[in-house]
Every structure is written in structure tokens, then in C-alpha cells.
Amino acid sequence: MKDLLDPPTPTRPSPKPRRRVIRSRSRRFNRILVPIDFSRPSLNAIPYALAISRQFGADVHLLHVTDVTQQPPPSLLTLPVAPYTELNQRFMKRLQTLVLKYRTDGNVSALEPRTGIVYEEICEVARDLKADLIVVATHGYTGYKRMFLGSTAERVVQHSPCPVLVVRQHVSRSNRSIDPRIPTGFRLTKILLPTDFSECSQTAFECALQLARDFNSELRLVHVINPHAYPFGDKYAALDPAQLIQETQEAAQKQMRSMAAKSKVRYSVSVLHGSPPVEICHATNEDVDLIVISTHGRTGLGHLLIGSVAEHVVRYAHCPVLVIPSRLSKSDKERNQI
């Protein structure tokens, strides 16, 4: 499979091909954090991080967190559990084995294992490391299993201080079966950008635009109109829902074309109707290689009741999803400017 982020042919030879860096105005990924729990999905996230590392000359840091929420409470009836220090030493050896395996593909290092609530530790390490990107795998749990186990990837998306690339097992587009091949990267020929024209979706647009310019990708802008958000009525009512939806569609198409017209990239715009997360995931059936989406960062009761479109897309999309958090600092936003 062709590597994702397969860079353009360089104009002159580089002394270190595996550490080739393209000089451009695009956002540079310098430090990439990859959480590892040693499951197959999490190990499959490493090649994605390495593909980005080769393109941008970034350092890849592997991290393991021992989840205290999964440890049985101490009691007289349970067998003694090895101390966390001993467990972390074992995990460090396993991380170092991975470093030796991938060291020829990029600058890979192992961080000291942590103990705690997994997503909290990942986000704390990302802040301490000043990571530019977290590459995390999702196990793709749904239904009751997800209800009881939760999703570390989704919680990282909610709380991460930096963009998060969520990858999952390869799925065949024809019959949706699992592709057993180990990913060596992924292409960037078509990038899907859902937008609601909010400030945070504008940040996602700038990131997607930079990627499209660097890799000569097609940028597809999508706006989803939810018919249930409009009032009921008929053509004799003061507010005609059909007319409102038609006007909204025309305005959205015009605004998306205005956004992309000066970008100097190949682009297309489309307006879909229905549930935003469902329609966004359906749009990936057209050979989309990457979804770039922003999150509004709702937490607490508001998040519980309303949910997050980004999290639904992360859970069900059949391609990698790059999530841009709404909590980017002012300095981060300035660094993202084109």
C-alpha cells in the first residue's frame, strides 16, 4: 500500500532521505506522541506516526499508561499484584523493543511509562512534551461494549491540547471486512473537510488547506444541513422551512466556494441533508483518505446531552480522522496561520 503522506519528488537530493523535511509555510509537526497499550490496533498506529515523521522530520515518542481503573481493588481474596514500578519496568523494556524495531524508519524514542487514568496521563504528557500531534488508535467498540469500557481515543479527542490523528484497523471499502495488512501509511489524494462556518471549523479549514497544498490533494468541503433544526410550516406560514433550507444551501455553497477559491488547490463543495455525523461518515465512501474536523470542546452536561459530531465521526468513519481541538492557544493559532 502506498504510504500516506507520500511526499512530492524532491528537487535536489537530501543527505538523509529518511529524515527528509519539506520546507514550506505549512504547520510543522516536531513532536508526535503515540500512546501504546501493546494491542494490535495501537501498534498499527506507529507506521502512521512514522509516515508523518519522515515528511516533517518529527520526533516520535512512544508512551504506555497503566490504567488504574482496570486494576482490581486489593482484598484478602485477590492474588498480590506486582508493584507499579515493576510493571513499568517491564513495559519500558517492551517499548524499547519497539524503538529498536522502528529506529531505521525515523527518530523514535520511548517515554517513561505512566500510571493513572489513561486519557488524563496522555494529555498531561502531551502538554509537558509540547507535542504537536497525538496519533492514537481506536478499538472501534460500539454498543454495550463501548458503553462499559468507554473509548480512550474519544476522551483524548475531548481533552487533548493539540491535534489528534485517530486511526483504526484497515477496512475494505468493498465489503467492509478487516484488511489484515499492516499499514505503512496512507495516501492523501482527497481530504474531506466538514464545516459549519464556526471559528473552530475555520482553524480546521486552515490545517486541511495546508495539507492539500503540500501534497497536491483535492480538498472537498462539506456542509450538512439538518432538516430537523428548522421549524415546521407550509408555504402559507410566515417561515417556510423548504425555502429556508434552500436559501441556507445556496448561502453555504457560496461561502464554501469563497473559502476555497483563493486557495490554489483542487476543490469541490457539496451540501448534504441529514444528521451531520451520519452524512459525514457516508461521504467517506468516495475514496476519502483523511477527514479533518474540528471539535467545539463541549464537556460536562452539555457534552452528555448534545454529544460531539467529531466524536461520532471518530467512532464510525472508515478512514483516519484528524481532529483539531477548539482549545488551541493563541500561539498555536498563530503558528497555524498560512
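Start by selecting Ala126, which counts as buried because its relative accessibility is 2% (buried means under 20% relative accessible area, with a 1.4 Å probe and protein chains only). The model is predicted, so local features need pLDDT of at least 70, side-chain atom pairs count only at pLDDT 80 or more, and totals for chains, interfaces and linings use all residues. Residues are numbered from 1 along each chain as its sequence is written, and side-chain values use heavy atoms, without hydrogens and water.

Ala126 belongs to helix H3, residues 118-129 (helices are DSSP runs of H or I with at least four residues, strands are E runs of at least two, and both are numbered from the N terminus). Beyond four places in sequence, Ala126 has contacts with Leu33, Ala131, Ile134 and Pro161 (contact means heavy atoms within 4.5 Å).

Next, select residues 152-159 (H5) and 309-316 (H10), whose axes come within 10 Å and cross at roughly 150 degrees (axes are lines fitted to C-alpha atoms over the stretch in contact, and angles run from 0 to 180 degrees between N-to-C directions). H5 and H10 are therefore roughly antiparallel (angles over 145 degrees). Show Glu154, Val157 and Gln158 on H5 with Glu311, Val314 and Arg315 on H10, which make the contact.

Finally, select strand E9, residues 218-225, where 7 of 8 residues are buried. Strand E8, residues 190-194, runs parallel to E9 and is joined to E9 by 5 bridges (strands pair if DSSP finds at least two bridges between them). Leu193 has Leu221 in E9 as its bridge partner.

Terms used. Angles under 35 degrees count as roughly parallel, over 145 as roughly antiparallel, 65 to 115 as roughly perpendicular and the rest as oblique. Buried means under 20% relative accessible area, exposed over 50%, partly exposed in between (1.4 Å probe, protein chains only).
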